[in-house]
Amino acid sequence: MAIGISHTHAPSSFTMNDSPHTNIDVDLLSLPKCKRLPNEVISPLTYTNDIVDFDHWDHMFITNCCRSLTLHDFDGPPSTILDLGCGRGLWAIEAAKQWQGSIVVGFDIERMQPGFNVLEKSVSRRLRWVQGNLLEQLPFTTNQFDFVRMVRMGLHIPEDEWPSILAEIARILKPHGVLEIIEEDLLFPCQSTRSHDVTPSSGQCSGSSTQSSNTVVTATSYHESVSSLKAKDDTNTSLDTLSGTSSTSLPSTLETKLKHPKPPDPQDHTRLQRAWEEMLYNYFLSPQLLSVLPLYLSLSFPSIRSHPPLQIPLPLDSSARQQLITQHPVSTIQIDPATLFELRALSAQPSFEADPSARASVMTAGDSEQTMSSWACMHLARTVRTIVGCKESIWSAYERLYSEDPTPRVVRTTQQKPTSVRSDLRPSPINPLRDYFERDWINWENDMADRTSLRGRMRAELTWNEPVGKPPDWRLWRNSLPQENASSSQDESAEYCRSLRGFVCFKS
């Protein structure tokens with residue numbers, strides 16, 4: 001299990017201009033930001049079979065877009081290849097099959113790759129699995145590989161370790177060797193709410209409860225749960241009020257602010273988003289990795305090629321989709337996938353951070369609110385599954401943020417996003433805060449499942465009828481929302497569920 005490390009510095013957020021080189025003190029980048037024990041794994045993610053499945057889907061998406069196993073168009077197959085963070089080894093196996101004269105090495109800290117006995121001999125004799133920690137010195141000789149590949153390692157590499165890792169990759173690459181990196185920003189997908197007034201979370205759900213978890217907290221259950229917390233701790237307790245001030249007494253706050261209790265907005269996921277950001281901070285992981293990675297790459301590689309970031313918009317919820325269908329005919333944007341990953345020299349690119357029009361998006365400029373790529377639901381599902389793999393680490397951050405107050409206060413950020421709450425379940429006498437977290441979590445999961453709408457998309461594509469039986473939990477959750485919540489609580493600003501970018505780097 002990965003261990004979280006406390007750091008004294010927040011991840012930087014450099015904005016790259018036209019040139020990948022910046023006037024900075026390079027020596028400062030080599031100074032350690034934290035002390036890591038030898039062979040210690042720094043990652044909040046628990047790798048599961050579901051994540052493996054989405055890794056395979058990502059592989060199919062990228063290879064279909066590129067019409068190749070790589071972003072870079074090689075003149076001939078590279079003879080020695082290293083796949084860093086290979087996971088189950090799908091890409092490495094495909095590379096060994098396609099490039100029949102190449103030696104392929106898959107490197108990962110986990111021993112999860114298939115045995116050579118289940119592979120064709122023509123493939124297995126040119127394939128090697130090596131276990132090790134990417135954060136340590138790589139167990140390979142200098143100038144050993146023609147091509148090194150690394151994909152989606154942002155949740156495994158602290159920001160201050162990127163320069164040393166990239167320098168180590170440059171060491172093992174042959175002269176004129178190629179490094180290919182595909183990374184993404186560490187986003188927490190949810191829609192911003194229009195109102196920043198968020199009442200304290202409420203109503204706990206015990207893990208052993210047998211009641212349904214897909215309905216919305218009611219005013220009655222909210223009042224009962226707050227009263228139970230009042231009885232549990234009625235001295236020296238603070239509570240953030242809607243005005244941002246805190247009371248010195250929970251009873252007085254309840255009398256003045258909760259005389260007519262209002263349940264939290266089940267579509268407001270601010271607390272979970274804040275806990276996600278706190279988790280990244282404690283692991284020293286950069287949430288905006290695509291902004292800082294060009295700088296770190298330029299320290300070890302003189303030539304870098306890239307493409308505009310591919311940004312996937314957050315799909316609409318079912319209520320908004322229904323309104324859209326009523327008002328406008330919905331069509332899918334037709335995009336040439338090859339243009340999404342068209343590489344250009346980094347020094348010749350516009351500043352994507354400064355010029356939003358330079359970004360590659362699956363939305364058109366004129367119809368951004370009315371059309372959406374059919375890919376978006378799968379990209380959202382992939383992001384959600386990754387975050388689910390970090391659930392216990394997010395809970396630890398949630399506990400640090402809100403443990404001082406039995407009613408968690410909302411820490412406002414520059415980019416707020418929605419949460420939801422889960423409903424009239426009896427409070428747990430053991431850990432009320434965990435109950436708040438579980439309610440927030442189940443609301444967020446139901447919201448994301450509603451937006452993903454895999455069932456609806458399969459019915460539309462395959463002309464299937466609605467399955468007989470109980471409707472899915474997310475639909476019950478959506479139908480239980482108050483009408484005003486379902487239609488008016490969300491901001492109209494665009495949100496993204498994924499932001500991807502590839503880099504191809506050349507050693508001199």
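Colleague: How many of the 11 residues of helix 5 are buried?
Modeller: This is a predicted model, and in it helix 5 spans residues 162-172. The buried residues there are Trp162, Pro163, Ile165, Leu166, Glu168, Ile169, Ala170 and Ile172. Helix 5 is therefore mostly covered, where buried means under 20% relative accessible area, and the count of buried residues is eight.

Colleague: Which residues of helix 9 are buried?
Modeller: Helix 9 runs over residues 289-298 and is mostly covered, with 10 of its 10 residues buried. The names are Leu289, Leu290, Ser291, Val292, Leu293, Pro294, Leu295, Tyr296, Leu297 and Ser298.

Colleague: What share of the residues of the protein chain count as buried?
Modeller: The protein chain has 17 helices and 10 strands. It exposes about 23200 Å², and carbon and sulfur atoms supply 50% of that area. Of its 508 residues, the share that count as buried is 53%.

Colleague: Among contacts in the protein chain with a separation of 6 or more, what percentage comes from residues 24 or more positions apart?
Modeller: A contact here is a pair with heavy atoms within 4.5 Å. For contacts with a separation of 6 or more, residues 24 or more positions apart account for 84%.

Colleague: Is tryptophan 91 buried or exposed?
Modeller: Tryptophan 91 sits in helix 3, residues 90-98. Not counting residues up to four places away in sequence, tryptophan 91 touches His59, Leu69, Thr70, Ile81, Asp83, Trp99, Phe147 and Arg149. Its relative accessible area is 4%, so tryptophan 91 is buried.

Colleague: How far apart in space are tryptophan 91 and arginine 149, C-alpha to C-alpha?
Modeller: Arginine 149 is one of the residues that tryptophan 91 touches. In sequence the two are 58 residues apart, and in space their C-alpha to C-alpha distance is 9.7 Å.

Colleague: Where does arginine 152 lie, given its positive phi although it is not a glycine?
Modeller: The phi of arginine 152 is about 50°. With 18% relative accessibility, arginine 152 counts as buried. Its place is the loop between strand 4 (145-151) and helix 5.

Colleague: What is the relative accessibility of phenylalanine 284?
Modeller: Phenylalanine 284 is in the loop between helix 8 and helix 9. Although it is not a glycine, phenylalanine 284 has a positive phi of about 55°. It counts as buried because its relative accessibility is 3%.

Colleague: Which residues is glutamate 278 in contact with, leaving aside its neighbours within four places in sequence?
Modeller: Glutamate 278 belongs to helix 8, residues 270-282. It is buried, with a relative accessible area of 15%. With those neighbours left aside, its contacts are Ala397, Arg400 and Leu401.

Colleague: How do helix 13 and helix 14 lie to each other, and at what angle do they pack?
Modeller: Helix 13 covers residues 391-402 and helix 14 covers residues 432-452, with their axes 10 Å apart. Helix 13 passes helix 14 in a right-handed crossing. The packing angle is about 125°, so the two helices are oblique to each other.

Colleague: How many charged residues are in the contact of helix 13 with helix 14?
Modeller: From helix 13 the contact takes in Lys391, Glu392, Ile394, Trp395, Tyr398, Glu399 and Tyr402, which meet Leu433, Arg434, Tyr436, Phe437, Glu438, Asp440 and Trp441 of helix 14. By class, the contact has eight nonpolar residues and no polar ones, and the number of charged residues is six.

Key:
Residues numbered from 1 in each chain as written. Predicted model: local features only at pLDDT ≥ 70, side-chain atom pairs only at ≥ 80, totals over all residues. Heavy atoms only, no water. Axes fitted to C-alpha atoms, helices over the stretch in contact; angles between N-to-C directions. Helix = DSSP H or I, 4+ residues; strand = E, 2+ residues; numbered from the N terminus. Parallel < 35°, antiparallel > 145°, perpendicular 65-115°, else oblique. Left-handed = near helix turned anticlockwise from the far one by under 90°. Nonpolar A, V, L, I, M, F, W, Y, C, P; charged D, E, K, R; others polar. Buried < 20%, exposed > 50% of the residue type's maximum accessible area, 1.4 Å probe, protein only. Areas by Shrake-Rupley, 256 points an atom, 1.4 Å probe, with all protein chains shown as cover.
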